[in-house]
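Could you walk me through this protein piece by piece?

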Amino acid sequence: MNFMKIFEDRVSGVFGATRAPFSFKKLAKQAAHEMEDQTLVVNGVDTAPALYTILISSADDAMLAQYYPQLTAEVSEFIKAQAEKRHYLFVGEPLVRFMVDPALKPGKFSVFAENVDAPTLGRLYEEERAYLSGSARGYGAGQGAAMAPAAPEPVMPGRDSLSPFPSQRPDAPEPDPFADSLPPTVGRDALAGMGGAAAVGGIAQNLAGGTGQESRAELVDVVSGDHFALIAPRCVVGRERASADIVLRDPNVSRRHAELTLNGTSWTIEDLNSTNGISVNNRRVTRWPLHNGDLVTFGLTTLEFRG
């Protein structure tokens, strides 16, 4: 069976008389190549990555927005067909999502596949459904809800417990961030065994509401050593280049994960209703004043605050 021909025909049906901004045949080939490169052997089972992110330009995003529910479904079906041919399994229903990279020109795209555990995949499905159902995309909740099932059912029985990735939702109650006593600082030894993801990204000044304040504060990746300058008065950390000032390539990081705000001479971090939340010195928080040496965790990425 020629899966590529079937895929091309179905995508053509999605667009109808409208011309696609780039070749979805090339996109499918790149997705299949990424799947092959990122497939892991977990407990003797070839486990294919279940998260596929497609980076596109801002112009193409505006044109494709109305087609995302159908396109993500078609790409997902193609990926599953390729995996079945190779006898690969997934931790759950593959999730395909489009994100904007302002650095890309119209007609250009990039695809990368990533391994996530089943609980994280479920939370990412919920986040993507909420994103597509919102007014940001300019189409109704009915269409957005069509892009994903209510919850990704595991493809292999019992796979939830076989994940090679650490759990990321501690249940400890959130302390009062502005109480007189601050939580004890956790040393670097406490990071032993914690998952890490290499952070890549650019720095862009957030001009909305800017006050011209200067700050030498920065975040430093404890794994890679990368430095990210904090741009006053506000700096957003997230996954999508179009909406974040510091971009982390970590599948557990939300599009707009958290915001750091400079108030006078002090920085405060606040969770932006992200999927996996934030932790400061291993304590789950929603809003917290930062101090020099604090360790802030976004998804699987831990950065040290210096300021």
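This is a predicted model: local features need pLDDT of at least 70, side-chain atom pairs count only at pLDDT 80 or more; totals for chains, interfaces and linings use all residues.

S8 pairs with strand S10 (residues 258–263) in the antiparallel sense, over four bridges. Pick out valine 237: its bridge partner in S10 is alanine 258. S8 has another neighbour as well, strand S9 (residues 246–247), and here the two strands run parallel, joined by two bridges. Valine 237 turns up again, standing opposite isoleucine 246 in S9. S8 is mostly covered, with four of its five residues buried.

As background, most residues other than glycine have a negative phi, and most peptide bonds are trans. The bond from alanine 232 to proline 233, though, is cis, with omega near 5°.

Asparagine 281 has a positive phi of about 55°, even though it is not a glycine. Asparagine 282 lies in the loop between S12 and S13 too, and its phi is also positive, near 70°. How covered are they? Asparagine 281 has a relative accessible area of 4%, so it is buried, and the cut-off for that is under 20%. Asparagine 282 comes in at 43% relative accessibility, so it counts as partly exposed.

Next, find strand S16, residues 301–306. Five of its six residues are buried, so this strand is mostly covered. S16 pairs with strand S6 (residues 218–221) in the antiparallel sense over four bridges, and leucine 219 stands opposite phenylalanine 305 in S16. Strand S15 (residues 295–298) also pairs with S16, again antiparallel and over four bridges. There, valine 296 has leucine 303 of S16 as its bridge partner. S15 and S16 form a hairpin with two residues between the strands, and glycine 299 in that hairpin takes a positive phi near 60°.

Time for some helices. Helix H4 (residues 68–85) has 18 residues and reaches 26 Å from its first C-alpha to its last, close to the 26 Å expected at 1.5 Å a residue. Its buried residues include Leu71, Val75, Phe78, Ile79 and Gln82. If you're wondering about the spacing, an α-helix has 3.6 residues a turn, so residues three or four places apart point the same way. Just after H4, histidine 87 takes a positive phi of about 65°.

So what does H4 meet? To describe two packed helices, you give the angle between their axes and the distance between the axes. For helix H2 (residues 24–38) and H4, the axes come within 10 Å and cross at roughly 45°. H2 and H4 are therefore oblique to each other, and H2 passes H4 in a right-handed crossing. On the H2 side, the contact is made by Phe24, Leu27, Ala28, Ala31, Ala32 and Met35. On the H4 side, the residues are Leu71, Val75, Phe78, Ile79, Gln82 and Ala83.

Key
Residues are numbered from 1 along each chain as its sequence is written. Side-chain values use heavy atoms; hydrogens and water are left out. Buried means under 20% relative accessible area, exposed over 50%, partly exposed in between (1.4 Å probe, protein chains only). Two strands pair if DSSP finds at least two bridges between them. The expected span of a helix is 1.5 Å times one less than its number of residues. Axes are lines fitted to C-alpha atoms, for helices over the stretch in contact, and angles run from 0 to 180 degrees between N-to-C directions. Angles under 35 degrees count as roughly parallel, over 145 as roughly antiparallel, 65 to 115 as roughly perpendicular and the rest as oblique. A crossing is left-handed if the near helix is turned anticlockwise from the far one by less than a right angle, and right-handed if clockwise. Contact means heavy atoms within 4.5 Å.
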